[in-house]
Amino acid sequence: MGVVERREREREEVRRKILVAARELFETEGYDKVTMRRIADAIEYSPTTIYHHFEDKDALVLALCEEDFARLFEHLEGALPAADPVESLRQLGLGYARFGVEYPNHYRFMFMTPAKLEHPEGHVSPGEQAFGLVRAAVAAAIENGHFRPGGVDTIAQVLWASIHGAVALLITVQPQLWPHAPAAPDLVAQVMETMIRGLRAEPGRPSRDAS
């Protein structure tokens, strides 16, 4: 291995240490309390080293979110076997929830940690790509007459908000603290089915394709 390759590998190793330490600190201490110096102390490097890799704390958080949303996007892309847009939405919801339950720390950081982040102009983040899958399925469901006409963005946001609420409860509320009984094993599936029933077009309404 040449000198350039070795230096690049060492640089990537330091960057990875920074990201791992930052994620752990943000999750345990909260975004507002963690400083770049705190992160540097955790990995026993100088704050200057951190700034060689990330301009500021928001840039560091953005890098973490990019990684986590890319993982989520892969999860959701693998949940689209059906040509039926309603079935696609169903599988997207289940895939999203599965990601949250399997990676609760990532999920908390992505969706439950307040931070002000701005993407560069023209940049399409993995998070936007993931939401785009939901939006496209909603648009197709409306276009094909499966769902009542409505605002695509609003309907996609409502679906996301509903599943997010279920996932947030599953990863934050201990089973013994759920009211009356632990969460139903198929809670997410029931939430998704309830949302789909509420969005269904009225029986007998012709689809746009049939008109």
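User: Quick one to begin: is His 180 buried or exposed?

Analyst: His 180 is exposed, because its relative accessible area is 89%. The cut-offs, with a 1.4 Å probe and protein chains only, are under 20% relative accessible area for buried, over 50% for exposed, and partly exposed in between. Before we go on, this is a predicted model, where local features need pLDDT of at least 70, side-chain atom pairs count only at pLDDT 80 or more, and totals for chains, interfaces and linings use all residues. Residues are numbered from 1 along each chain as its sequence is written, and side-chain values use heavy atoms, with hydrogens and water left out.

User: Where does His 180 sit?

Analyst: In the loop between helix 8 and helix 9. Helices here are DSSP runs (H or I, at least four residues), as are strands (E, at least two), numbered from the N terminus. His 180 also has a positive phi of about 75 degrees, although it is not a glycine.

User: And what's the phi of Glu 44?

Analyst: Positive, about 60 degrees, and Glu 44 is not a glycine either. Glu 44 lies in the loop between helix 2 and helix 3, and it counts as exposed because its relative accessible area is 75%.

User: Ok, and Gly 78, buried or exposed?

Analyst: Exposed, since Gly 78 has a relative accessible area of 66%. You'll find Gly 78 in the loop between helix 4 and helix 5.

User: Which residues touch the most other members in the largest nonpolar core?

Analyst: Phe 26, Ile 39, Leu 60, Leu 89 and Val 138, out of 56 residues in that core. Helix 4 gives this core its largest share, nine residues. By nonpolar core I mean a set of buried Ala, Val, Leu, Ile, Met, Phe, Trp, Tyr and Cys residues joined through side-chain atoms within 4.5 Å. As background, nonpolar side chains in soluble globular proteins tend to be buried together.

User: What's Leu 89 in contact with?

Analyst: Setting aside neighbours within four places in sequence, Leu 89 contacts Val 134, Ala 137, Val 138, Phe 147, Leu 159 and Met 192.

User: Back to helix 4. What do its buried residues pack against?

Analyst: Helix 1, helix 2, helix 3, helix 5, helix 6 and helix 7. The buried residues of helix 4 include Lys 57 and Asp 68, along with Leu 60, Phe 69 and Phe 73. The end C-alpha atoms of helix 4 are 30 Å apart, which agrees with the 30 Å its 21 residues should span at 1.5 Å a residue. That expected span is 1.5 Å times one less than the number of residues.

User: How about helix 8, what do its buried residues pack against?

Analyst: They pack against helix 5, helix 6, helix 7 and helix 9. Among the buried residues of helix 8 are Ile 163 and Val 167, and both of those touch Ala 97. Ala 97 belongs to helix 5 (residues 85-102) and counts as buried because its relative accessibility is 4%. The C-alpha atoms of Ala 97 and Ile 163 are 6.9 Å apart, though 66 residues separate them along the chain.

User: Last topic: at what angle do helix 1 and helix 2 pack?

Analyst: About 115 degrees, with the axes 9 Å apart. Axes are lines fitted to C-alpha atoms, for helices over the stretch in contact, and angles run from 0 to 180 degrees between N-to-C directions.

User: Which residues meet there?

Analyst: From helix 1, the list includes Lys 17, Ile 18, Phe 26 and Glu 29, and they face Arg 38, Ile 39, Ala 42 and Ile 43 in helix 2. The residues of this contact divide into eight nonpolar, no polar and three charged.

Terms used
Contact = heavy atoms within 4.5 Å. Nonpolar A, V, L, I, M, F, W, Y, C, P; charged D, E, K, R; others polar.
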